There are 2 protein chains.
Amino acid sequence: MTKFADRIAYMEGSAAIIRDLFSAMDDPDTISFGGGAPATDTLPVDEVHDTANDVLRVPGRGAEALQYGPVKGVQQLREIIAEQLLAPKGVEADPEDILIVNGGLETMNLMCQVFINPGDVILCESPTFVHCVEIFEMFQAKCIGCETDDDGIVPEDVEKKIKEYHPKFVYVIPTFQNPTGKTLPEDRRKKLAELGSKYDVIILEDDPYRDLRYSGKALKPIKAYDTTGHTVFANSFSKIFSPGCRLGYVNAAPEIISKLIDVKTATNSHTGMLPQILCAEFFARGLFDKHLEEIIAVHKERRDAMMAALEKYMPEGTKWVHPDGGLFSWVELPGDIDTTELLKEAAQHKVAYIAGAGFFVGGTGEGRNCMRISYGNVTPEKIDEGMKRLGDLIKSKL
Amino acid sequence: MTKFADRIAYMEGSAAIIRDLFSAMDDPDTISFGGGAPATDTLPVDEVHDTANDVLRVPGRGAEALQYGPVKGVQQLREIIAEQLLAPKGVEADPEDILIVNGGLETMNLMCQVFINPGDVILCESPTFVHCVEIFEMFQAKCIGCETDDDGIVPEDVEKKIKEYHPKFVYVIPTFQNPTGKTLPEDRRKKLAELGSKYDVIILEDDPYRDLRYSGKALKPIKAYDTTGHTVFANSFSKIFSPGCRLGYVNAAPEIISKLIDVKTATNSHTGMLPQILCAEFFARGLFDKHLEEIIAVHKERRDAMMAALEKYMPEGTKWVHPDGGLFSWVELPGDIDTTELLKEAAQHKVAYIAGAGFFVGGTGEGRNCMRISYGNVTPEKIDEGMKRLGDLIKSKL
């Protein structure tokens with residue numbers, strides 16, 4: 001058999017975690033707090049139906065949606081991103097410096113293509129999003145976790161590790177972080193942007209959950225404090241429009257965007273035209289504001305149901321994050337419970353979550369008593385039932 | 001500025017060619033024989049409109065189209081590929097061994113992720129598709145061209161170079177090749193499959209044009225002769241359904257598919273659900289057969305118009321390929337004309353093509369008097385007018 005590339009062995013650990021993660025979602029009887037999907041019931045099916053029905057009848061527009069398109073993405077969508085999604089949050093972006101990609105994660109893949117040689121260091125939060133670690137490890141980067149506290153990543157530790165490891169990127173999910181649900185405060189955002197400029201390191205900001213805020217005050221992205229082009233802002237339409245359409249975007253300095261365009265061309269030529277045009281029309285028709293209100297209401301109710309269920313069913317000594325938005329909470333169990341081991345029994349009790357250890361890089365054993373709990377695609381009733389099952393199981397182990 | 005990865009310098013030559021290729025299409029007054037697009041007028045806009053209109057109203061189906069989906073792709077589409085697109089051509093494929101990707105080229109990217117270390121050798125046709133060379137060079141592969149004659153790649157030279165270079169892949173476009181329009185005969189297809197098995201080398205078969213046959217007898221893919229799993233079959237829906245939907249697929253041995261799934265996950269999670277479902281419905285409703293008849297008729301007329309125009313306007317001593325299908329012909333000019341230089345003047349005369357030298361790997365200077373001529377997205381009238389402009393310009397140089 002023809003030999004695989006070296007990267008295949010290097011990424012095997014994180015790839016195995018991701019495979020487990022996807023396969024855990026298969027059983028329809030299981031109440032799964034595993035996946036990171038938003039509520040299926042809130043997807044804008046009718047709006048997309050009506051938009052498609054109209055757009056595909058407009059002379060020229062239908063053909064545009066089906067023919068090859070520009071590598072950078074549909075102009076209308078890039079303008080909407082700049083005007084409706086970035087400017088109001090304090091990020092002044094030229095649409096020419098925005099590249100449309102196949103979902104938020106593709107940006108991480110493309111950024112690695114542009115910057116990462118095997119052995120290069122990427123600093124990340126500890127814990128961090130395991131799917132991105134899989135991408136980083138596919139490029140044979142060395143991922144090093146930075147300290148986090150209740151407010152997220154600790155800039156002093158980031159600075160210390162920048163000096164020690166000379167990383168290419170600091171990868172950070174500042175808002176309703178995956179997996180913890182924590183949000184980085186304003187002063188730390190400023191500080192991270194400054195560290196990028198001071199040490200010539202890219203701050204790779206991944207901000208897909210930011211619009212799903214249920215409480216607290218909206219914060220500017222790190223990119224809003226970037227004065228030197230060292231912060232690269234990645235975002236996604238998966239939580240605010242449709243995950244299945246695989247649409248995301250990246251805003252970066254022109255010299256970075258031009259290289260991202262080259263590697264995007266050599267990855268899959270360009271992002272699908274029909275989803276881009278439908279998404280652009282969704283915003284152009286002013287459907288987004290009402291949709292955002294609806295998805296915030298639904299996901300807030302689920303966050304509240306999850307917080308109530310944790311209070312009601314978890315044993316004394318359990319700690320968890322009360323997220324101000326997004327889809328996740330992070331739960332730390334009392335006693336000596338290994339959540340990876342527990343998951344097998346949880347499956348028998350028809351409930352699932354993601355074990356915490358996989359979110360820590362370097363196999364330190366940290367997070368072995370933790371779990372990521374996602375409430376986005378579970379109804380309040382199922383949240384109550386699923387957390388009762390999980391609470392009963394955990395209590396039986398103490 | 002943070003340093004780019006080594007691959008960025010390595011791929012710069014082919015990336016520059018690709019950038020030129022895309023920018024040449026910008027001027028609307030220019031008659032362009034440059035791009036590889038199929039006829040815009042033949043895209044199935046009405047069929048996709050009606051399908052979308054129905055599908056997005058079916059309870060559950062609309063949400064499926066907008067929610068996260070399986071990495072491997074939509075089951076219905078993988079079954080259709082196996083039954084309608086592979087079995088009739090002599091390829092017996094289990095739908096489980098088919099992965100849906102974002103357009104045919106993404107398969108090349110994913111195959112490189114799985115197999116290519118920097119410095120690994122990929123054998124290819126000489127000339128070959130420059131867009132794929134860009135992908136191979138992004139992975140720092142060493143591309144080595146093999147001899148071709150009127151029937152395409154010469155198996156004896158492939159075998160010699162397999163022994164000499166121990167390549168990971170032999171990349172080949174057997175049917176209506178890009179850029180030449182040539183088709184590899186049956187005996188050479190068999191021979192390539194055997195070489196893959198004999199020397200444990202992957203035959204990476206790229207067959208996106210095969211269904212656009214206007215004359216001659218249909219041939220089985222190389223994959224049909226593969227008995228050991230060494231041939232990997234890549235194809236695309238870009239020419240038979242829609243380029244803008246970015247849909248392609250790969251059929252390979254299970255141990256290769258499982259690794260392709262890992263790297264697909266780490267590239268963009270999965271291919272867009274809405275385009276997959278619309279494409280599957282297009283086939284499930286039996287719309288493909290009639291559509292194929294239509295696109296063959298339109299593109300055959302254009303091929304014939306191009307052959308007539310070459311005869312009519314090209315100076316004596318010009319040679320060209322009469323393709324039995326697909327979108328391209330390959331033209332070799334008499335005298336000492338450098339087609340890269342000529343392109344600047346052609347632009348002033350409002351006509352464009354792709355200069356030949358870029359399709360040869362290694363910068364040998366071969367093909368400097370050649371050009372790729374694409375007739376897919378140019379009407380017969382424009383073909384006549386554009387080739388007249390080009391012929392007049394060429395004659396003025398002799």
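Trainee: What rotation superposes chain A on chain B?
Mentor: In this predicted model, a rotation of 180° with 0.0 Å of shift along its axis puts chain A on chain B, with an RMSD of 0.0 Å, where the copies are superposed by least squares on the C-alpha atoms of residues with pLDDT of at least 70 in both. That is the relation of a two-fold axis.

Trainee: And which C-alpha of chain A is nearest the axis?
Mentor: The C-alpha of Asn53(A), which lies 2.9 Å from the axis.

Trainee: How many residues are in contact between the chains?
Mentor: In chain A 64 residues are in contact with 64 residues of chain B, contact meaning that the C-beta atoms, placed from the backbone, lie within 7 Å. Because 100% of the interface residues of chain A are also interface residues in chain B, the copies meet through the same surface.

Trainee: Which element gives the largest share on chain A's side?
Mentor: That is α10(A), with eight residues; helices are DSSP runs of H or I, at least four residues long, numbered from the N terminus.

Trainee: New topic: how do α12(A) and α14(A) cross?
Mentor: Their axes, which are lines fitted to C-alpha atoms over the stretch in contact, with angles running from 0 to 180 degrees between N-to-C directions, come within 9 Å and cross at roughly 25°. The two helices are therefore roughly parallel to each other, a label for angles under 35 degrees.

Trainee: Which residues make that contact?
Mentor: Among them are Ala305(A) and Leu310(A) of α12(A) and Ile383(A) and Met387(A) of α14(A).

Trainee: How is everything numbered and lettered?
Mentor: Residues are numbered from 1 along each chain as its sequence is written, while chains are lettered from A and ligands numbered from 1 in the order in which they are written. Local features need pLDDT of at least 70 and side-chain atom pairs count only at pLDDT 80 or more, whereas totals for chains, interfaces and linings use all residues.

Definitions and conventions: Contact = placed C-beta atoms within 7 Å. Parallel < 35°, antiparallel > 145°, perpendicular 65-115°, else oblique.
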